[in-house]
Amino acid sequence: MTDIPELQRVTTEYVAVEDRIRISGEAADGATIVLWLTQRLLNLLAPRLTGGLERPDSASDALLQGFAQQAAEASLSPQPAVEATAPAASWRVDSVDILSGPDGVALTFRSDEGLAARLTLATEPLRQWLGILRRQYQAASWTDRVWPDWMEDAAHPATGPATTPLH
């Protein structure tokens, strides 16, 4: 079994000419990996990730989720972008394995050709990345139907690429 590179830092941006989301990730060895995600795949992924943050047994969960999302996005500090000028690898993501735990998720992005990269996000960086991803959806003019109502209150205007610190 080959080792799957672990992304340490990612920049997420909508690329209009491709009509896709590009994730430029920096692996532990310093190599840059570029992942291309289609709207179709993200429309399946986003509800799974936001749903994993919700507790369906709580009547006030939407309000609490909105507050938690606002706090996570407010604590996001600007980071230098991961440059995708000479990536070690670049591919379209065809599937995503999701391993959820009480402290976050591990996402393994896979291509049909057998390429893979892993992104592990604790709960707060996951919320930050979901906020970034939602802003990229807005920049792309893609449908908002995949996002829960509690993210609406935490929304910020679309601003271009954003880098997620993963610590």
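Which residues do ring pairs link into a cluster?

1. Ring pairs join Tyr14, Tyr137, Trp142 and Trp147 into a cluster. The model is predicted: local features need pLDDT of at least 70, side-chain atom pairs count only at pLDDT 80 or more, and totals for chains, interfaces and linings use all residues. Residues are numbered from 1 along each chain as its sequence is written, and side-chain values use heavy atoms, with hydrogens and water left out.

2. There are three aromatic pairs in the structure; rings of Phe, Tyr and Trp (its six-membered ring) pair if their centres lie within 6.5 Å, and planes under 30 degrees apart count as stacked, over 60 as edge-to-face and the rest as tilted. One of them is the edge-to-face pair of Tyr137 and Trp142, with 5.1 Å centre to centre and 90° between the planes. Tyr137 and Trp142 are buried (under 20% relative accessible area; exposed is over 50%, partly exposed in between, with a 1.4 Å probe and protein chains only).

3. Tyr137 also forms an edge-to-face pair with Trp147, at 5.3 Å centre to centre and 85° between the planes. This pair links distant parts of the chain, 10 residues apart: Tyr137 is in helix H3 (residues 123-140), and Trp147 is in the loop between H3 and helix H4 (149-152). Helices (H or I, at least four residues) and strands (E, at least two) are DSSP runs, numbered from the N terminus. Trp147 is buried, as is Tyr137.

4. Ser141, in the loop between H3 and H4, has a positive phi of about 60° although it is not a glycine. Ser141 is exposed, at 67% relative accessible area.

5. Asp19, also not a glycine, has a positive phi of about 50°. Asp19 lies in the loop between strand E1 (6-15) and strand E2 (20-27), and its relative accessibility of 41% makes it partly exposed.
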